[in-house]
Amino acid sequence: MDEKYAQLWTKISVALKPQVSVDTFKRWFSAVKLTNATADEVTLLVPNNIYQFWIESNHMPALQAAIASVCNGPRAVKFICAVDTSGGSDAADPEPPLSAKAQAAAARSNTTPGLNARNTFESFVVGPNNEIAHAASLAVAQSPAKTYNPLFIYGGVGLGKTHLMQAIGQYIGARTKNTRVMYLSSELFINEFIDAIQHNNLVKFRKRYRQADLLLIDDIHFLGGKERSQEEFFHTFNTLFDGHKQIVLSSDRPASEIANLEHRLVSRFEWGLTAELQPPDVETRMAILRKKARTLKIKLRDEIFEFLANRIKTNVRRLEGALMRVASFASLSGKELTNDVVEHLLKDILQEEARRAVTIDQIQRRVAEHFDVRLADMTSKRRPANIAFPRQIAMYLARELTKASLNEIGEAFGGRDHGTVLHACKLVKKRMKEQDKIRQTISFIDSALQR
Amino acid sequence: MKFSVTKEKLLECLQQVQNVVSTRTTLPILSNVLLHANGNKISLTTTDLDVGVRGSFEAEVEKGGATTLPARRLFTIIRELPATEISFDIDGKNAASIRSGQSFFKILGLPEEEFPPLPKFDESKVVTIRQKDLRDGLRKTSYAISTDETRYVLNGVLFSFKDNKLTLVATDGRRLAMLDIDLEFPRSHEADIIVPTKAVTELQRLLTDEGDVRVSVGSGQIAFDLNDTLLVSKLIEGNYPNYKQVIPGEMKERVTLERETFLNSLRRVSLLASDKSNSIKLNFSKNNIDITANTPEVGEAKESLPVTYKGREFSIAFNPEFLMAPLRNLAEDEIFLDLIDEMSPGVIKIQSPFLYVLMPMRISS
């Protein structure tokens with residue numbers, strides 16, 4: 001291992017040399033040793049703290065650029081002083097000891113393949129959009145198979161389903177020894193199943209899954225339409241459930257909406273607790289950005305954080321990607337970031353985001369299509385219940401999804417006045433509270449509009 | 001406790017001690033000043049538990065004793081009093097009656113026992129320095145102290161007593177200021193200690209051009225005794241980084257500059273250094289330096305400075321604030337600027353043992 005790191009450092013040195021003066025390199029970098037390198041951090045051993053202070057203050061852009069070019073991406077740089085003269089480098093570490101412990105625990109549980117050590121409960125930012133899912137996951141992790149079994153987490157792309165599942169796996173793996181944690185995507189399950197059929201070792205396959213103490217299956221919706229796999233999974237599920245083993249599943253939509261999924265599976269998935277993840281609100285997005293920036297040791301001005309949080313709304317992964325892009329641009333170019341620069345940098349992402357802006361026209365079309373009424377009925381004066389209610393839903397959605405005023409919405413719906421629109425919104429809200437089916441329908445149309 | 005004093009003496013002493021008093025303190029007693037009357041002397045003491053200052057003055061003491069009074073309030077009252085004679089009468093419940101001419105104030109204090117005592121020092125390890133030298137030394141180095149609290153060992157000035165020299169060092173990681181003062185002290189007194197920023201700032205206010213200051217180092221603490229006033233401070237724990245590592249080796253080019261002229265040029269040109277890049281460029285050519293700065297979409301500035309220079313032509317960029325800081329604080333008419341190349345640190349020197357190392361900024365092409 002040491003040799004590997006030494007080689008890595010030699011490569012970084014080669015990239016670094018042209019960027020700093022000969023004297024600087026000799027003076028500051030020749031005594032540096034690389035002691036560890038992970039997917040997001042490089043640890044450098046320096047003889048004493050003046051090396052750390054001076055490199056951090058003066059040569060960071062050059063060093064980061066060199067590391068980024070060698071490692072194919074930016075890494076946080078951590079310094080360790082060989083002579084820890086300050087005696088208090090821990091004090092400078094803003095992270096509370098608890099999380100350090102959890103991280104150590106996470107590192108131990110790394111033995112479960114597929115689990116990413118970064119996805120822990122500590123690194124999950126809780127907001128109103130995901131607090132139920134988070135609380136349920138934590139409850140499951142703290143007392144597996146006792147509270148909610150199975151736990152079914154669903155939500156859109158990049159909202160933290162996988163993060164929560166892996167956090168459960170790490171939490172349990174780290175705290176209880178000899179627990180067999182199995183984490184896999186349903187696609188892998190299917191592939192292994194096919195493989196087992198081909199090579200005729202179904203017994204081994206079954207044994208493997210049915211002995212797990214904790215089974216985490218990601219993206220379960222891929223099971224839709226695969227009948228034999230569903231059947232196999234059904235039996236695995238039953239065996240584990242009867243043996244009081246915890247099962248956690250994730251999907252991008254509610255179990256009942258997964259196409260071509262057998263009813264017996266749907267009903268089983270809905271047996272325990274179903275928790276939804278929704279896109280984060282702006283405050284949560286800010287919190288996510290700050291947390292991410294802190295773990296990556298990125299320093300950005302508040303305006304940049306605000307800019308990112310305000311403009312990227314739908315997807316945490318995209319949010320983090322944008323942060324990385326901005327941060328690596330800042331560290332590679334050394335230029336000061338302004339909103340204009342960031343805007344230019346994230347042009348494609350922002351365009352993608354902007355496409356999600358919904359128009360009243362689209363809402364009317366979609367709602368009419370869903371309820372099978374004519375588009376003209378959206379603006380007509382006719383008002384039998386089968387037309388009036390979809391129209392009211394469309395008004396409600398227009399109010400929620402666009403920035404149009406009540407008057408503008410009324411105008412778009414055949415010159416109705418703002419009171420009518422207000423009434424429609426109130427009515428739809430009330431009926432959403434009373435009837436789950438209506439709520440589901442509306443959230444379906446909502447998500448279809450935003451897709 | 002009863003005494004009378006002139007407004008001038010009391011105000012002067014209050015001004016010396018009241019700066020230590022923190023406005024945001026957790027202990028109410030720390031916002032008070034300790035008054036102690038003994039013989040014909042009154043002493044005033046303030047502390048924030050890290051730094052403590054005691055000043056004293058002569059007064060007509062009728063009855064000795066001690067009490068504590070709110071420092072800021074006392075100061076504002078004394079400053080506004082009309083007459084020059086002020087009399088204090090403090091009763092057993094620490095309520096002070098202050099009379100001056102037609103004015104009468106009564107302010108409530110706290111018992112003296114609650115006031116944290118200043119630490120005592122062993123008299124054996126004492127080094128005597130001329131006040132002027134120390135004041136000068138701190139002035140020429142303290143501006144380079146780091147304000148980054150995560151690097152707390154840099155949040156002060158290093159006092160290195162070694163080989164009959166006191167070396168003062170301050171750095172923030174981008175620049176370093178260093179100065180030697182010749183002294184005589186026994187080998188046993190050699191030590192490296194870090195005096196925190198607040199103590200350095202207060203000390204600079206107290207030091208004068210006359211007399212000596214007696215420095216005693218205790219475990220984790222230091223005392224500066226300036227005859228009438230005493231400053232005691234906790235030291236920063238930990239070892240100061242090996243600053244010698246920063247000092248560049250052989251320098252290639254040297255220019256001699258008139259300090260004031262150079263400073264004024266820099267100050268003018270830096271008006272157009274942008275807030276963002278915040279750099280100012282020095283372009284060296286034969287017998288001339290062009291100082292330039294520009295901000296995109298705002299404009300640019302350029303000033304030529306005739307100098308004696310025969311080296312190669314090159315440009316180097318610095319943070320203007322960092323370049324001007326030593327120039328403002330030095331007193332010498334002539335300074336030397338030593339350089340190697342555009343990527344290596346520059347060094348400012350003067351005739352006496354002083355050194356300022358400054359990292360250049362990257363020149364964006």
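In the predicted model, Glu41(A) is located in strand 2 of chain A, a strand that spans residues 41-46. Because 14 other C-beta atoms lie within 10 Å, Glu41(A) is classed as partly exposed. When neighbours within four places in sequence are left aside, the contacts of Glu41(A) are Arg75(A), Ala76(A) and Lys78(A). One of these residues, Ala76(A), is 35 residues away along the chain, yet the C-alpha atoms of Glu41(A) and Ala76(A) are separated by 4.6 Å.

Strands of a sheet pair through backbone hydrogen bonds, in either a parallel or an antiparallel manner. Here, strand 2 and strand 3 of chain A run parallel and are joined by six bridges. Thr43(A) has Lys78(A), in strand 3 of chain A, as its bridge partner.

The crossing of helix 1 and helix 3 of chain A is right-handed. Helix 1 of chain A contributes Leu8(A), Lys11(A), Ile12(A), Ala15(A) and Leu16(A) to the contact, while helix 3 of chain A contributes Ala62(A), Leu63(A), Ala66(A), Ile67(A), Ser69(A) and Val70(A). In terms of class, the contact between helix 1 and helix 3 of chain A comprises nine nonpolar residues, one polar residue and one charged residue. An α-helix has 3.6 residues a turn, so residues three or four places apart point the same way.

A further helix pair in chain A consists of helix 7 (residues 186-198) and helix 9 (residues 227-242), which pack at an angle of about 100° with their axes 10 Å apart. Helix 7 and helix 9 of chain A are therefore roughly perpendicular to each other. Their contact brings Phe189(A), Ile190(A) and Phe193(A) of helix 7 of chain A together with Ser229(A), Glu232(A) and Phe233(A) of helix 9 of chain A. By class, four residues of the contact between helix 7 and helix 9 of chain A are nonpolar, one is polar and one is charged.

Taken as a whole, chain A contains 20 helices and eight strands. Of its 451 residues, 35% count as buried. Among the contacts in chain A with a separation of 6 or more, 72% involve residues 24 or more positions apart.

At the interface between the chains, 19 residues of chain A are in contact with 23 residues of chain B. Helix 2 (22-29) and helix 3 of chain A each provide at least two residues of the side of chain A that touches chain B. The greatest contribution to this side of chain A comes from helix 3 of chain A, with seven residues. The residues on the side of chain A that touches chain B comprise five nonpolar, 11 polar and three charged.

Chain B is made up of six helices and 25 strands. Buried residues account for 37% of the 365 residues in chain B. Of the contacts in chain B with a separation of 6 or more, 66% are between residues 24 or more positions apart.

Within chain B, helix 6 (residues 320-329) has Pro320(B), Phe322(B), Leu323(B) and Pro326(B) as its buried residues. The elements of chain B that cover these buried residues include helix 5 (259-269), strand 13 (175-182), strand 19 (280-285), strand 22 (314-318), strand 24 (346-349) and strand 25 (354-358).

Leu108(B), by contrast, counts as exposed because 11 C-beta neighbours lie inside 10 Å. Leu108(B) is part of strand 9 (residues 103-108) of chain B. Not counting residues up to four places away in sequence, Leu108(B) touches Asn94(B) and Ala95(B). Leu108(B) and Ala95(B) are 13 residues apart in sequence, with a C-alpha to C-alpha distance of 4.4 Å.

Definitions and conventions: Residues numbered from 1 in each chain as written. Chains lettered and ligands numbered in written order. Predicted model: local features only at pLDDT ≥ 70, side-chain atom pairs only at ≥ 80, totals over all residues. Left-handed = near helix turned anticlockwise from the far one by under 90°. Helix = DSSP H or I, 4+ residues; strand = E, 2+ residues; numbered from the N terminus. Contact = placed C-beta atoms within 7 Å. Nonpolar A, V, L, I, M, F, W, Y, C, P; charged D, E, K, R; others polar. Buried ≥ 20, exposed ≤ 12 C-beta atoms within 10 Å, placed from the backbone. Pairing = 2+ DSSP bridges. Axes fitted to C-alpha atoms, helices over the stretch in contact; angles between N-to-C directions. Parallel < 35°, antiparallel > 145°, perpendicular 65-115°, else oblique.
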